[in-house]
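Here's a quick briefing on a structure that may be new to you. Take a look at the sequence and the model first, then read on.

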Amino acid sequence: MDYRLPIAVRAAQNAENTEALLRKKTLQIGLNEKDLTKLSGGSLILDYGKELSGRIRTMIRTFLRHCASACRKSVRWYKS
């Protein structure tokens, strides 16, 4: 299986530490991650350098008790 990291963050809104998305890391997601990108109701546009088909893996951590109604995740694929 081929894993590809984004080569650039093309746009970011209400996001902190977006450079973390471009760094190579172990593929296993842990519960005590230190090098994170934080979105606060924001958005990202990532550039993978080529057209892709496949799946995406994310880890979302929140401190909201009412997250089921307050938190949303949406992924949209665009072709340049």
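**A partly exposed leucine and some charged pairs**

Leu52 is partly exposed, at 33% relative accessibility (partly exposed sits between buried, under 20% relative accessible area, and exposed, over 50%, with a 1.4 Å probe and protein chains only). This is a predicted model, where local features need pLDDT of at least 70 and side-chain atom pairs count only at pLDDT 80 or more, while totals for chains, interfaces and linings use all residues. Residues are numbered from 1 along each chain as its sequence is written, and side-chain values use heavy atoms, leaving out hydrogens and water.

- Leu52 sits in the loop between strand 2 and helix 1 (helices, H or I, are DSSP runs of at least four residues and strands, E, of at least two, numbered from the N terminus).
- Gly54 is in the loop between strand 2 (38-47) and helix 1 (67-70), and Gly54 is exposed at 64%.

**Salt bridges**
- The count comes to three salt bridges (a side-chain nitrogen of Lys or Arg within 4 Å of a carboxyl oxygen of Asp or Glu).
- Asp47 and Arg10 pair up at 2.7 Å, N to O. Asp47 lies in strand 2 and Arg10 in strand 1 (residues 8-16), so the pair ties together parts 37 residues apart in sequence.
- Arg10 is exposed at 56%, while Asp47 is partly exposed at 22%.
- Asp35 bridges to Arg23 at 2.8 Å, N to O.
- Lys25 also forms a salt bridge with Asp35, with the closest N and O atoms 3.7 Å apart. Shared partners join Arg23, Lys25 and Asp35 into one network.
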